[in-house]
Amino acid sequence: MNYGIGIGIHASGCPLELDPPNVVVQYGDSVSVNCIATSPVKNMGFESQQQAISFATNMSSLTWSVKNLTNWEIRANCYANLFDKSVLDGQCQIDTLITIYKFAENVTITDNKAGLATGELDEGIPHVFQCNVKDVAPAQNVTLTWHIGNRTVLTADPFKNSLGPIDLASQFKYIPRSEDNGLHIRCQVEFNLGPFGPKNLTQSSSLFLLRIRCKYDPPKRIAQLNDAELEVGSSHVLKCFSEANPPLNYHWDFYKTGNVEVRDEKGGSHLYIHNATEVNNGNYTCNAGNELNNISHTTGVTVKGGLSHCPLQVTTERLVVRHGDGYTVRCENSTGDALGNRKYIFWQVGRRQIPGGVWEVKNQTDWDLTRAECVARHAGIGECRKAVDVTLYTAIERYVVLMCLLRISIASLEEPDQVLIQSVGHMGALIGDTEYRLQCDIPNVAPVRNLIVRWYQDGHPMADKGTLYLTGRPHEKLDFYISTPVNVSSNISVSFGRNQSRVQFTCEAELDLGTHSLSNMSHSLNFSIQHKPSINSTKLQPKIPVFRGYPEELVCEADGNPAPDIHWFSQNGVLGSSGNLKVTEGGNYTCNATNVLGSNFYVVQVVLKEDYLPLIAGFVAVTVVAISIVFIFFYSIYYKNTKMRRYSLKNHKLNTENGNVAHNSLDLPIPLAKLH
């Protein structure tokens, strides 16, 4: 009798324990289980098909035993009546887990031929052995294995559950090998009775000596077939060879074209590639076999400079279809020889496979579909694919809303509240030197990745292409991989210089679908640009002198939209309502330019000066006269004293040659005597 250790089955709170709780016992052996009460009970008993024990009082333990256990459906349940009826209604029970096993009466090996009788097997000729196991239990705890020498060659599948003994059988298909000659073959039964049962419990058949007659030699491996790398236009030979008896039959599997030739040679087969092209890229498989075995070997051929060859073509590689429309795309072989090499063809559309080479849809509404593939398998090439990109779109709606939002004032650099001015038509006046945001709304458009938005100012394209975002979410990054229709907006920032008085904006939305495009233009936004007054300071100096008695004209010019009103002010009040002002008095004069947007002023300081030029001229004239008089006075005195003296002609004779006073046409000096 064998015992295990485990846990019995009982209700929670039941004060009973079993020792041992689990029992693994061989059929016909004795068994004993002790039931122990861990707290006082009224009475105890064992319920069983063999050796049941009725109520026993004043007991803290009770032993159930059987000398010869032969009941395959045996149960042994210990029960007790409790003093406290509030616990488990006053009664509880614990079950003993019992496993009964039985060795087979015999384990034998039979075969489907006379191999066991003659003791000889032909090499390479399949042979079937059968292991017969009679009356073994339990079947679910039995594993049947086949062994050749020390090598396990087969483990049979698990058997169905059984309580009592049954007959088991397992077949082993054996192909005799020369290296197994002289070894023994046997069938073994192993009992797997779990952690509570005995270990290494086995039962084997008798040994059968293998005697292999080496009459046939099956093919073992293919030699001389290696990968090749070829130049375009070159030739090459692939060789396939294997030793076997009987002789082998050869067959090649490859992409068959007109420049490839197969010839069976003595002891092998040769494949000739003439004038290699890209079509010859691929795998070449040599199959060799006889009645004993079939083997194969695959090698690769690469044609340098040749592209990978996929002999498929589709009617279109880019399918652009409007949502809800239908279409048909065909996938065919691109060369005449491809059809004979093709194994199968189908369309892979999402998770669906559509058999054949025609993909037809009557009403396409799947926004998630962006790509489909035609898949075909060809000999030597394997599986190749041709893709079709799918673009599902909606037409751009006729109305594309364009609106203007005040964004940032350049002067204050503050973020004001957003002000929706108007969506279409004339928008009224805007203010110069202020930044605005123009927004173009494109509703219900798909796919957004194909959307192009262009902005125009006064009919001319703007350099700023704008920023795209989902309408109402300007701070979120737009996911351009969205396939379904969405509302999209584009905005740009604009500001206006003083030289601009009117401006017009439009936006254009275009779906660039590759094969064609769809576009729509928004209504126009027309603006008049207003500017605050600005005074032209080039015509006004901050400080101007004015001479008394000589008026000076001050010119004040200013631009703005609307045209500003110009007034001159001084400390005496308003002096005029035009841009020109004549001043004769000194002081500060202010030019003020005003329109509806504000005002601008410029202060001119007028400095009054006296005109001393006449006084200076009179003083100079008097001075000149006085100097002249003094000069004349002194000169007259000098003249009298030096030039106007008195002389006498007495006693002086004149030379009167020729009777003339003059001589030789020259004046003769007259001698004068100074008078005293």
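Gln-203 counts as buried because its relative accessibility is 17%, where buried means under 20% relative accessible area, exposed over 50% and partly exposed in between, with a 1.4 Å probe and protein chains only. The model is predicted, so local features need pLDDT of at least 70 and side-chain atom pairs count only at pLDDT 80 or more, while totals for chains, interfaces and linings use all residues. Residues are numbered from 1 along each chain as its sequence is written, and side-chain values use heavy atoms, with hydrogens and water left out.

**Around Gln-203**

Gln-203 sits in strand β18, residues 201-204; strands (E, at least two residues) and helices (H or I, at least four) are DSSP runs numbered from the N terminus. Its side chain reaches the backbone oxygen of Ala-104 at 2.6 Å. Apart from neighbours within four places in sequence, Gln-203 is in contact with Phe-103, Ala-104, Val-107, Cys-187, Gln-188, Val-189 and Phe-191, contact meaning heavy atoms within 4.5 Å.

**A three-stranded sheet**

Strands β2, β4 and β7 form an open sheet in the order β2-β4-β7, with antiparallel pairing; two strands pair if DSSP finds at least two bridges between them. β2 (16-19) and β7 (61-66) are the edge strands, each pairing on one side only. On average, neighbouring strands of this sheet are turned by 20° against each other, direction ignored; the axes are lines fitted to C-alpha atoms. Strand β4 (residues 31-37) is joined to β7 by six bridges, and Cys-35 has Leu-62 in β7 as its bridge partner.

**Nonpolar cores**

A nonpolar core is a set of buried Ala, Val, Leu, Ile, Met, Phe, Trp, Tyr and Cys residues joined through side-chain atoms within 4.5 Å. The largest has 30 residues, and Leu-438, Leu-451, Trp-455, Val-494, Phe-496, Phe-505 and Phe-527 touch the most other members. Two or more residues each come from β38 (435-445), β39 (451-457), β41 (467-470), β42 (486-494), β43 (502-512) and β45 (525-535). Another core, of 29 residues, lies apart from it and includes Cys-131, Trp-146, Ile-185 and Leu-210.

**Whole protein**

The protein contains three helices and 55 strands. Further totals are tabulated below.

| Property | Value |
|---|---|
| Buried residues | 38% of the 676 residues |
| Contacts between residues 24 or more positions apart | 65% of the contacts with a separation of 6 or more |

How values were computed
Polar contact = N/O pair within 3.5 Å; in protein donor to acceptor, adjacent residues only side chain to side chain. Axes fitted to C-alpha atoms, helices over the stretch in contact; angles between N-to-C directions.
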